[in-house]
Amino acid sequence: MTASPYDAPLFVIRERIEDLGVWLAVWEHRQEPDAFARRCASDAVDAIDAMLRDLYRIRGQLTAEVRQADDATAARADELLRRSRP
């Protein structure tokens, strides 16, 4: 099985989601003042930002591939139509 261009960003997203759950739980159960909970909240925001960046990267890759596939399909259809004309 060959590596997909989606594998690396999806792996990172999965790891961040697990961390995100812990950081949010720490934040939800904080008792002010709580520097550790504040750090966890900052880490959660950073993880969300990074996941969004990776999701947009995946989205860009996917939409580019879909456009290429659509263009190839249209070219094949045009060729078939061209051949069918007398």
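Residues are numbered from 1 along each chain as its sequence is written, and side-chain values use heavy atoms, with hydrogens and water left out. Because the model is predicted, local features need pLDDT of at least 70 and side-chain atom pairs count only at pLDDT 80 or more, while totals for chains, interfaces and linings use all residues.

Q: What makes the pair Arg 30 and Glu 32 a salt bridge?
A: A salt bridge is a side-chain nitrogen of Lys or Arg within 4 Å of a carboxyl oxygen of Asp or Glu. The N to O distance between the side chains of Arg 30 and Glu 32 is 2.8 Å, so the pair meets the definition. The structure holds six salt bridges.

Q: Why is Glu 32 called exposed, and what is Arg 30 called?
A: Relative accessible area decides: buried means under 20%, exposed over 50%, and partly exposed in between, using a 1.4 Å probe and protein chains only. Glu 32 has 57% and is therefore exposed. Arg 30 has 32%, so Arg 30 is partly exposed.

Q: What kind of peptide bond joins Glu 32 and Pro 33, and where is Pro 33?
A: The bond between Glu 32 and Pro 33 is cis, with omega about -10 degrees. Pro 33 sits in the loop between α1 and α2.

Q: How do you know that Arg 39 and Asp 43 form a salt bridge, and how are the two placed in helix α2?
A: Their closest N and O atoms are 2.8 Å apart, which is within the limit for a salt bridge. Both belong to helix α2 (residues 35-84), and because they are four residues apart there, about one helical turn separates them. The name helix is given to a DSSP run of H or I with at least four residues, a strand is a run of E with at least two, and numbering starts from the N terminus.

Q: Is Arg 39 buried, exposed or partly exposed, and what of Asp 43?
A: Arg 39 has 48% relative accessibility and so counts as partly exposed. Asp 43 has 19% and therefore counts as buried.

Q: Which residues are linked in a network of salt bridges?
A: The network links Arg 16, Asp 54 and Arg 57. Arg 16 is in helix α1, and its relative accessibility of 21% makes Arg 16 partly exposed. Asp 54 lies in helix α2 and is buried at 5%.

Q: What does Arg 16 touch, not counting residues up to four places away in sequence?
A: Contact means heavy atoms within 4.5 Å. On that basis Arg 16 touches Ala 47, Ala 50, Met 51, Arg 53 and Asp 54. Asp 54 in turn, leaving aside its neighbours within four places in sequence, is in contact with Pro 9, Val 12, Ile 13 and Arg 16.

Q: What makes up the largest nonpolar core?
A: A nonpolar core is a set of buried Ala, Val, Leu, Ile, Met, Phe, Trp, Tyr and Cys residues joined through side-chain atoms within 4.5 Å. The largest one has six residues: Tyr 6, Ile 13, Leu 20, Ala 44, Met 51 and Ile 58. The elements giving two or more residues to this core are α1 (7-28) and α2, and the largest share, three residues, comes from α2.

Q: Why is Met 51 called buried?
A: Its relative accessible area is 8%, so Met 51 is buried.

Q: Why is α1 called roughly antiparallel to α2?
A: The two helices pack at an angle of about 155 degrees, with their axes 9 Å apart. That makes α1 roughly antiparallel to α2, because angles over 145 degrees count as roughly antiparallel, under 35 as roughly parallel, 65 to 115 as roughly perpendicular and the rest as oblique. Axes are lines fitted to C-alpha atoms, for helices over the stretch in contact, and angles run from 0 to 180 degrees between N-to-C directions.
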